[in-house]
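Have the structure open as you read.

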Amino acid sequence: MKICFCASSGGHLTELMCLKKIMDTTNHFIVTEKSDDLDQNLTDTTYYVKQINRNEKFFFIHFMKLIFNEFKIFRKEQPQMVISTGALATVPICIMAKLFRKKVIYIESFARTERPSLTGRILYHFADVFLVQWESLLKYYPKAKFIGAIF
């Protein structure tokens, strides 16, 4: 089974890399944003997408390019599962996975202790398994599974 691990740069990627033991035992690839502060020890098969911000002037155009680029990656790699720790850059590939009847596991950010993230609110409706790291989030995500911190 091939697994796509995806996360935005920064803390989301740091959380994703806490799953490295799982990565080391699977056929996988990583999708993340290209960032100046990228100092993670990533795997050989890593795809970098452009970092975008939903408040930028040309967000819609950049988001459409992101969708296109992630579709090319998805088509080339053909994963059976996507595991994501968020955020924005991961939404298209997670939704693609569902459209192609693949499994999606989403892990809400550890930083979200009291309120859900926008990505979480979107992907809650698409994920086959939705995991939270704080029990307080179960009131927003009643079907989620509380797993505690992945750190």
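The questions below set values against their definitions.

Q: What makes a feature count in this model?
A: This is a predicted model, in which local features need pLDDT of at least 70 and side-chain atom pairs count only at pLDDT 80 or more, while totals for chains, interfaces and linings use all residues. Residues are numbered from 1 along each chain as its sequence is written, and side-chain values use heavy atoms, with hydrogens and water left out.

Q: Why is the aromatic pair of F110 and W134 called tilted?
A: Rings of Phe, Tyr and Trp (its six-membered ring) pair if their centres lie within 6.5 Å; planes under 30 degrees apart are stacked, over 60 edge-to-face, and the rest tilted. By this rule there are 10 aromatic pairs. For F110 and W134 the values are 5.1 Å centre to centre and 40° between the planes, so the pair is tilted.

Q: Where in the chain do F110 and W134 lie?
A: F110 is in the loop between β5 (103–107) and α5 (118–123), and W134 is in the loop between β6 (129–132) and β7 (145–146), 24 residues apart. Helices (H or I, at least four residues) and strands (E, at least two) are DSSP runs, numbered from the N terminus.

Q: Why is F110 called partly exposed?
A: Buried means under 20% relative accessible area, exposed over 50%, and partly exposed in between (1.4 Å probe, protein chains only). F110 has 29%, so it is partly exposed. W134, with 31%, is therefore partly exposed as well.

Q: What makes F130 and Y141 a tilted pair?
A: Their ring centres are 4.4 Å apart and their planes 50° apart, so the tilted label applies. F130 lies in strand β6 and Y141 in the loop between β6 and β7, so the pair ties together parts that are 11 residues apart in sequence. Both F130 and Y141 are buried. Ring pairs also link Y106, Y124, F130 and Y141 into a cluster.

Q: Why do β4 and β5 count as paired?
A: Two strands pair if DSSP finds at least two bridges between them. β4 and β5 have 4 bridges in the parallel sense, so they pair. I83 stands opposite I105 in β5.
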